[in-house]
Amino acid sequence: MLRACGAAAPASVPALVRARLAKSKPASSFAASAVASSVLEELAADRKGLARVVLKKGKTQIFRDGSPMVYSGAVDRIIGRPPPKTGDVVLVADGSEKPIGWGLYNSMSMFCVRLMQLEEEAKRDPTSALNMERLLEERICSAVDLRCSLGLPSTNTNAYRLINSEGDRLSGLIVDIFDDVAVVASSAAWVEKYRQQIEFLVNKFSDVNYTKWRSSADILKEEGLDMSEQKGPAPSSHSGSVKVMENGIVYLVSMEGQKTGFYADQRESRDFISTLSKNQKVLDLYCYSGGFALSAAKGGATNVIGIDSSGSALDLANENILLNKFDPERISFMKEDASAFMKGAISRNEMWDLVVLDPPKLAPRKKVLQSASGMYRSLNALAMQVVKRGGLLMTCSCSGAMTQSGLFLKTVQGAASMAGRKVTVLRQAGAACDHPIDPSYPEGQYLSNYLLRVM
């Protein structure tokens with residue numbers, strides 16, 4: 001259960017700002033001057049050495065609109081001596097040097113500032129302006145409140161995403177909750193800097209007893225951090241596995257597994273599969289720990305088979321059969337390459353009523369999108385050939401580059417032509433509602449999920 005937020009905000013900062021804005025001005029003109037003045041400018045007057053990152057002409061609006069990633073090509077100059085260091089709080093200003101917001105600086109990354117708060121937000125509530133510790137508490141508290149309003153956690157689900165990076169206005173920070181364990185995925189230098197504060201706040205506002213900190217070493221290297229040189233783990237670190245529940249199904253989650261250990265983003269689609277599976281023969285391709293397969297079994301499928309090439313993933317999947325007391329004659333898992341399995345099934349003329357195709361990320365970057373499109377097309381063409389005519393195919397892509405290109409459905413249509421099948425779209429979905437997306441940062445939208453009728 002998440003704990004209620006609501007510590008009173010300190011009043012000293014707004015009072016200070018009001019006092020500075022009102023100085024040497026008659027009371028009658030205060031309201032107009034407050035609107036015209038910059039709260040961040042006033043607060044910065046008390047911060048010696050606060051650098052100012054000035055944007056190029058014509059590059060300001062995208063950041064005023066909320067995009068959090070200030071790339072180096074948008075920066076005209078940096079004012080401040082000595083120059084800011086990685087992790088420092090800096091002002092971000094337009095060409096006239098007027099602040100539009102503030103953020104955290106990185107001297108090594110292609111994104112030299114991660115914007116944390118805009119001027120308009122600071123005007124509404126200056127208590128967290130230029131104060132990262134205070135802002136962290138505010139944003140994490142807000143994330144907790146959002147999940148509570150979404151009914152998370154609940155009596156039948158205690159695995160969910162608590163913080164979704166840009167979607168929760170904390171770019172580079174992901175936190176997944178698995179029962180009493182928080183798995184923190186760090187992909188920004190500032191997250192590493194504020195590690196202790198983040199762990200403290202996550203523990204403060206949720207019923208977490210253990211923390212597993214997972215630093216994305218490759219991404220952090222681009223941020224100028226070599227994680228091999230970092231000191232040992234926090235004393236609250238957790239290893240091994242933990243039992244969780246999602247939609248009434250029990251899963252064993254490995255703390256050493258893929259990503260944060262469990263794909264909570266497909267929770268709503270797994271539940272939907274359960275409603276479609278009664279008396280159906282179901283195939284779950286790239287099943288990992290068996291999420292879709294187990295949901296189909298819960299929904300009353302007559303026969304379910306899950307395919308994955310990872311032995312460790314299938315160990316979890318088989319354990320999950322036992323945890324849920326499912327009939328092993330009705331649900332089973334097989335270690336095999338998904339493409340090879342489908343080709344074998346086609347040669348045997350073996351088909352299923354319902355097929356789920358959820359491959360790993362094939363297009364991690366835009367530059368490989370063309371080759372990835374070919375792989376998605378081939379996989380979907382094979383999958384369509386193992387679906388009975390009139391049956392259903394749920395096909396997915398977790399590649400942000402593919403989803404953001406808008407090409408996935410076109411690729412699926414190309415697969416249908418290749419397979420000699422006709423498809424219609426019955427449902428289109430993305431990540432579950434605990435994975436919010438900031439429309440000013442569309443790069444946060446990565447998951448595509450289509451339910452197709454295959455003829």
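Start with Y441. This is a predicted model, and in it Y441 has a relative accessible area of 14%, under the 20% cut-off, so the residue counts as buried. Where does Y441 lie? In the loop between β18 (423–429) and β19 (448–454). Set aside the neighbours within four places in sequence, and Y441 is in contact with S67, P68, M69 and E166.

Next, helix α6, residues 132–149. Its 18 residues should span 26 Å at 1.5 Å a residue. The end C-alpha atoms are 25 Å apart, which agrees. At the start, a side-chain oxygen of N131 comes to within 3.3 Å of the backbone nitrogen of E133. Just past the helix, G151 has a positive phi of about 80°.

Which residues of α6 are buried? Among them are L135, L136, I140 and V144, but also R134, E137, R139 and R147. The buried residues pack against strands β5, β6 and β7, and against helices α5, α7 and α8.

Last, the pair α13 and α14, residues 338–347 and 369–385. They pack at an angle of about 35°, axes 9 Å apart. The crossing is left-handed. From α13 come S339, M342, K343 and I346; from α14, L379, L382, A383 and Q385. By class, that contact has five nonpolar, two polar and one charged residues. Residues three or four places apart on an α-helix point the same way, because there are 3.6 residues a turn.

Terms used
Residues numbered from 1 in each chain as written. Predicted model: local features only at pLDDT ≥ 70, side-chain atom pairs only at ≥ 80, totals over all residues. Heavy atoms only, no water. Axes fitted to C-alpha atoms, helices over the stretch in contact; angles between N-to-C directions. Helix = DSSP H or I, 4+ residues; strand = E, 2+ residues; numbered from the N terminus. Left-handed = near helix turned anticlockwise from the far one by under 90°. Contact = heavy atoms within 4.5 Å. Nonpolar A, V, L, I, M, F, W, Y, C, P; charged D, E, K, R; others polar. Expected span 1.5 Å × (residues − 1). Buried < 20%, exposed > 50% of the residue type's maximum accessible area, 1.4 Å probe, protein only. Polar contact = N/O pair within 3.5 Å; in protein donor to acceptor, adjacent residues only side chain to side chain.
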